Amino acid sequence: MEEGTGGRGFLSLFDLNALVRSCMEQCLPDEYWVQAELSDVRTNSTGHCYLEFIQKDARGKNLIAKARGTIWANVFRLLKPYFEETTGRELASGIKVLVLVTVSFHELYGYTLTVQDIDPTYTLGDMARRRREILNQLEEEGVLTLNKELEMPLLPQRIAVISSSTAAGYGDFCHQLENNPRNFFFYTELFPALMQGDRVEDTVLSALDKINARMDEFDVVVIIRGGGATSDLSGFDTYLLAAACAQFPLPIITGIGHERDDTVIDSVAHSRVKTPTAAAEFLIDRMGDAADGLDILAARLQEGARSLLERERRKIIGYKNRIPAVVYRTLSSGRLSLITLRKDLISSLRGRLSGERHRLELLQQRLKDASPEHLLARGYSITLKDGKVVKDFKQVQEGDEIVTRIYQGELLSVVKASKKRRNTVGI
């Protein structure tokens, strides 16, 4: 201790911090299990992880405690995969953890908690609690099972897909639909969204809004992810996304590739499958059930016709045995006519069934030919302004931005002039 002016002693800041360090080492020499919420999680090129531990009040609004934390590289490379494999989540801001720490104080860097171990079961419990709270809230609001209560269409051919355009799962889904063994036709349209990271909720909600604006054009919505780390699924466990899916007016099928545990949107969707390929199989099976039902009806119609003819034949035999031979001879020609009519009726029924089947095939082909994707592939284009189709030159004015959708992409244009028989644009 040095002596300052007036004869009073003083400590340098370093000496004071060293005294604090000595006291903390003596008072807190052990390891301690601490429950806290993570905030500001960062790693550097050396492999160390720097983070901040926080605690909020009972209402979850105000901070009541905060401490800097460190996980040294040799510990972090062991804890990180262990935590993610067990919980299916990354160490990231906003999650609650139970960590084993030592307390240290450095003269320059101050108070720090150094993480030695982590208990992932605590985080799993907190995640499960949050999911239960969201589902309980939706149940209290009376919307939990609304999507499940919607009737799945018999022919779910027009499919709005929410996925990443580059996701392998999206490609698998489309390939499975296009190469189905019974050659059913499906029309799909992708509404791109992020399937991992902190923007999952915002982008999926945006895609749902776009589909809702055109809901008459689709039969079902499919949300697929496929591939990727299970640690990126936290975006599907939010109240806003769950509420939107639960109340969506079209049946939602989820296939986000998470087999071990359901996410919240899995719990509220109409149907949940494990993978994008399984989602495609679900739709193919639905179409197959409808086709099988049609075949059964056709078989029942044929069987009914045969049964009716057989009953009538037996009646005729009975009548024959009850009438005199002279009358029988009179009716012989009629019997021959009935046999002929029977053959004609069977032939007619078969022809009618064949014609109806052919008509269904033609209607299916016409539907395929009329699909927007097919028309675009033939060289047609669609002009949009503010997301709406332009049908009349009066809908645009000079200076308006329009989008021309062609088969392989879109063109952004600015209207220079708008006339009834001639449109001039600058690209």
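**Rings and cavities**

Trainee: Is Phe191 buried or exposed?
Mentor: Phe191 has a relative accessible area of 6%. Under 20% means buried, over 50% exposed and in between partly exposed, with a 1.4 Å probe and protein chains only. So Phe191 is buried.

Trainee: What should I know about the model itself?
Mentor: Residues are numbered from 1 along each chain as its sequence is written, and side-chain values use heavy atoms, without hydrogens or water. Local features need pLDDT of at least 70 and side-chain atom pairs 80 or more, while totals for chains, interfaces and linings use all residues, as this model is predicted.

Trainee: How is the pair of Phe191 and Phe218 classed?
Mentor: A search of the whole structure turns up 1 aromatic pair. Its rings, Phe191 and Phe218, have centres 5.7 Å apart and planes at 75 degrees. Pairing takes Phe, Tyr or Trp rings (the six-membered one for Trp) with centres within 6.5 Å; planes under 30 degrees apart are stacked, over 60 edge-to-face, the rest tilted. So this pair is edge-to-face.

Trainee: How far apart in sequence are the parts that this pair ties together?
Mentor: Phe191 sits in strand S9 (residues 187-192), and Phe218 in the loop between helix H5 (200-213) and strand S10 (220-224). Helices (H or I, at least four residues) and strands (E, at least two) are DSSP runs numbered from the N terminus. The parts tied together are therefore apart by 27 residues.

Trainee: And Phe218, buried or exposed?
Mentor: Phe218 has 3% relative accessible area. That makes Phe218 buried.

Trainee: Which helix gives the most to the lining of the largest cavity?
Mentor: There are 2 cavities of 30 Å³ or more, a cavity being points on a 1 Å grid over the protein atoms alone where a 1.4 Å probe fits but cannot get out, lined by residues with an atom within 4 Å of a point. Gln302, Ala305, Arg306, Leu309, Ile346, Leu349 and Arg350 line the largest one. Helix H8 (276-322) and helix H9 (325-369) each give two or more of those residues. With 4 residues, the most comes from H8.

Trainee: What is the volume of the second largest cavity?
Mentor: Its lining includes Leu38, Phe53, Val97 and Ile118, with strand S4 (49-56), strand S6 (96-106) and strand S7 (110-118) each supplying at least two residues. The space in this cavity is about 40 Å³.

Trainee: Where does Gln157 lie?
Mentor: Gln157 counts as buried, at 11% relative accessibility. Its place is the loop between helix H3 (120-140) and strand S8 (158-163).

Terms used: On a 1 Å grid over the protein atoms alone, a cavity is a set of points where a 1.4 Å probe fits but cannot get out, and a pocket is an open set with protein on both sides within 12 Å along at least five of seven lines; lining residues have an atom within 4 Å of a point. Grid points are joined across faces, edges and corners, and a volume is the space filled by probe spheres set on the points.
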